[in-house]
Amino acid sequence: MSLEKFSKETTLEMRKKLIGHSCRLFFSEHPMKIVRAKGQYLYDEQGQRYLDCISNVQHVGHCHPAITRAAAAQMDLLNTNTRFLHDHIVHYATRLAETLPDKLRVFYFVNSGSEANDLALRLARQYTQHNDVIVLDHAYHGHLTSLIDISPYKFRKLGAQKEWVHVAPLPDTYRGKYRKGHPDPGQAYADTVKDLIEDVHKKGHKIAAFFVESLPSVGGQIILPEGYCRKVADYVHEAGGVVVADEVQVGFGRVGSCFWGFQLQGEDFCPDIMTMGKPMGNGHPLACVVTTQEIADTFTGNGVEYFNTFGGNPVSCAIGLAVLDVIEEEALRRNASLVGGHLKELLLHLQRKHTIIGDVRGAGLFVGLELVKDQAQLTPATEEAAKLKEEELILVSTDGPWENVIKFKPPMCFSIEDAELVAEKIDVILLGNPTPHTTPNKLSKRKFIQIYAHKLNSFTCCHVTQNPRWLPVSEQLNTTAIVCNSTNITIIQTN
């Protein structure tokens with residue numbers, strides 16, 4: 001089968017005529033025509049391979065065979081309206097529930113993160129009988145009218161903030177009001193929400209919900225300070241509102257150490273409503289809202305049936321189950337921790353070399369590199385960040401209020417070699433030299449093992465191959481154990 005129906009030039013011309021111009025392409029000045037993909041790689045019509053650091057949607061890798069098989073098999077058997085009784089939806093809900101605190105047990109399946117957040121807003125308002133919403137500055141929660149209203153990233157461009165929407169400062173400990181040197185930035189930023197609630201009450205309004213991305217992405221790959229969400233939750237609950245955690249960007253193990261981003265805030269924090277989406281179906285439209293029994297009962301009690309024609313259909317749930325299987329079977333959370341940690345170490349090394357790198361932050365394979373013109377004023381280096389997007393073989397994007405944060409949210413199969421190639425290319429660009437087409441350092445595995453020697457006890461063993469992947473104990477067949485200290489590496493066969 002031909003990978004192209006039209007030439008690139010024809011496709012681009014047809015798109016300009018037929019597709020709304022507000023639907024923008026990546027790298028719009030010099031768009032690529034992508035015709036196939038595999039794992040963490042995209043290929044254009046000429047066969048050129050690109051390393052994909054953008055696609056958090058293709059969570060377990062582009063065109064993963066297990067996902068393709070699950071979709072095709074279920075499509076061949078049944079795909080019907082979700083109001084027919086079927087095993088998949090309850091099986092999938094059970095599997096998701098196993099990853100969540102006991103408090104979150106009632107699921108509503110939808111088709112997109114925007115649908116999920118819109119439903120979360122309805123749930124919050126029905127339960128609290130309040131109307132107003134608090135959001136973080138620069139937040140993005142979706143493209144529906146209701147969600148543009150609560151997304152400063154969008155509504156500031158339109159010049160229209162609704163009176164029922166209240167914006168709290170983004171808890172940015174690099175360039176925000178309370179920075180890394182502050183003794184308790186989590187408490188300080190939480191108190192700004194408390195002050196905002198008091199102002200809302202003075203106006204005679206009441207808070208329905210506090211919406212928060214568990215790790216703000218559009219805001220610049222922000223890691224929320226310790227304790228922030230728990231303290232904010234206390235203030236919101238005292239005001240009669242609920243907390244909605246938006247996991248659409250960062251859920252399903254991307255942060256490595258936890259399955260959900262909100263869990264980075266500790267076991268003493270759990271949202272009242274959580275939304276999930278993008279990575280859930282590995283490219284298939286699948287999203288969900290999960291909440292407490294009490295909130296769900298109130299929603300049911302309004303007397304209006306809720307149904308979603310496609311949300312939670314048998315094919316979607318079969319794909320969702322397959323994604324969970326791959327995350328577990330291929331130990332992708334471990335991979336996120338190890339490869340993401342290594343990527344951060346490489347970028348921190350570059351920070352010591354290039355003063356334009358102001359901050360390196362992240363968790364797992366959710367990493368941000370902030371560029372600044374000077375270290376004192378933190379003037380955003382927007383133009384310089386844009387140049388990094390021009391590297392022709394590595395696809396990255398920028399975000400943050402000034403578009404000066406290079407963000408990394410690649411498929412979870414991203415490898416050590418990929419991380420080192422990214423760092424190498426960034427180094428060359430920042431040095432202002434032509435980009436050499438080189439292969440990763442052959443010593444990368446040894447360096448990686450040394451950096452993470454202190455973590456190896458929890459991983460036990462690994463394949464030493466061209467593309468190393470950390471394996472669960474059940475897969476330790478003919479593998480190699482690694483024992484090392486700061487200076488020596490011993491390789492022991494364990495078959």
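**View 1. Strands β9 and β10 of the predicted model run antiparallel.** Strand β9 covers residues 273-276, and strand β10 covers residues 287-291. Four bridges join the two strands. Across this pair, Ile273 stands opposite Thr291 in β10.

**View 2. Seven strands form an open sheet with mixed pairing.** The strand order is β4-β10-β9-β8-β7-β5-β6. At the edges are β4 (106-110) and β6 (165-168), each of which pairs on one side only. On average, neighbouring strands of this sheet are turned by 20° against each other, with direction ignored.

**View 3. Helix α4 lies across strands of the sheet, including β4 and β10.** The helix spans residues 113-128. Besides β4 and β10, helix α4 lies across β5 (132-136), β7 (207-213), β8 (242-246) and β9. Helix α4 runs at about 20° to β10.

**View 4. Helix α7 lies across β5, β6 and β7.** This helix is made up of residues 185-202.

**View 5. Strands β11 and β12 form a hairpin.** The pairing of β11 with β12 (residues 366-371) is antiparallel and extends over six bridges. Within it, Val360 stands opposite Leu369 in β12. Two residues lie between the strands, and Gly364 takes a positive phi near 60° in this hairpin.

**View 6. Strand β11 is largely enclosed by the rest of the structure.** The strand runs over residues 357-363. Seven of its seven residues are buried, which is why β11 is described as largely enclosed. In a regular strand, side chains alternate between the two faces of the sheet.

Note on methods
Residues numbered from 1 in each chain as written. Predicted model: local features only at pLDDT ≥ 70, side-chain atom pairs only at ≥ 80, totals over all residues. Heavy atoms only, no water. Buried < 20%, exposed > 50% of the residue type's maximum accessible area, 1.4 Å probe, protein only. Pairing = 2+ DSSP bridges. Axes fitted to C-alpha atoms, helices over the stretch in contact; angles between N-to-C directions. Contact = heavy atoms within 4.5 Å.
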